[in-house]
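Colleague: I have one request today, if you have a few minutes. Could you take a close look at the sheet for me, along with whatever bears on it?

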Amino acid sequence: MEDDKVTEISMKGAPPCGRCHMLVARYAPQVVASTGTYHRECYEAWYFGRHGRRPTLLSGTNGDRHRYQVREAREKAA
Ligand SMILES: [Zn+2]
């Protein structure tokens with residue numbers, strides 16, 4: 001039994017990806033959704049698998065260009 005993998009608290013300030021559960025580095029391309037933080041590639045792969053198209057991502061401003069937000073309002077239109 002190995003349950004010492006509590007990644008959520010092992011790296012301060014870095015949230016785990018909601019899909020692959022690896023930590024999302026501060027400056028890595030990432031998607032901030034209402035359900036959590038994801039690597040951008042993980043989110044796109046998940047979204048494409050679920051909706052059959054790429055998500056609409058809005059890049060952040062200035063120093064936060066690597067942080068994308070999701071246009072989630074369109075999700076229910078499909
Ligand atoms: Zn990931």
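Modeller: Happy to! Let me start with the contacts: of those in the protein with a separation of 6 or more, 26% are between residues 24 or more positions apart. Two residues count as in contact if their C-beta atoms, placed from the backbone, lie within 7 Å. This is a predicted model, in which local features need pLDDT of at least 70 and side-chain atom pairs count only at pLDDT 80 or more, while totals for chains, interfaces and linings use all residues. Residues are numbered from 1 along each chain as its sequence is written.

The protein has 1 helix and 4 strands, and from the N terminus on they follow the order β-β-α-β-β. Both kinds of element are DSSP runs numbered from the N terminus (helices are H or I with at least four residues, strands are E with at least two).

Now to the sheet itself. It is open, with 4 strands in the order β2-β1-β4-β3 and mixed pairing; two strands pair if DSSP finds at least two bridges between them. At the edges are β2 (36-39) and β3 (57-59), each of which pairs on one side only. From one strand to the next the twist averages 35°, using axes that are lines fitted to C-alpha atoms (for helices over the stretch in contact) and angles from 0 to 180 degrees between N-to-C directions.

Let's walk across it from β2. Strands β1 and β2 form a hairpin with 2 residues between them, and they run antiparallel, joined by 4 bridges. On the other pairing, β1 and β4 run parallel with 3 bridges. V32 shows both links: its bridge partner in β2 is T37, and in β4 it stands opposite Q69. In the loop between β3 and β4 sits N62, which has a positive phi near 45° although it is a residue other than glycine. N62 counts as exposed because it has 5 C-beta neighbours inside 10 Å; the scheme calls a residue exposed at 12 or fewer other C-beta atoms within 10 Å of its own, buried at 20 or more, and partly exposed in between, with C-beta atoms placed from the backbone.

What lies across the sheet? Helix α1 (residues 40-51) lies across β1 (30-33), β2 and β4, running at about 95° to β2. Just after α1, G52 takes a positive phi of about 75°.

As for packing, V31 touches Y38, R40, Y43, L57, Y68 and V70, leaving aside residues up to four places away in sequence. V31 also belongs to the largest nonpolar core, whose 7 residues are C17, V24, V31, Y38, Y43, Y47 and Y68. A core here means a set of buried Ala, Val, Leu, Ile, Met, Phe, Trp, Tyr and Cys residues joined through C-beta atoms within 7 Å. Across the whole protein, buried residues make up 14% of the 78.

One more backbone detail is worth a look: H21, in the segment before β1, has a positive phi of about 65° without being a glycine. H21 is exposed, with 11 other C-beta atoms within 10 Å.
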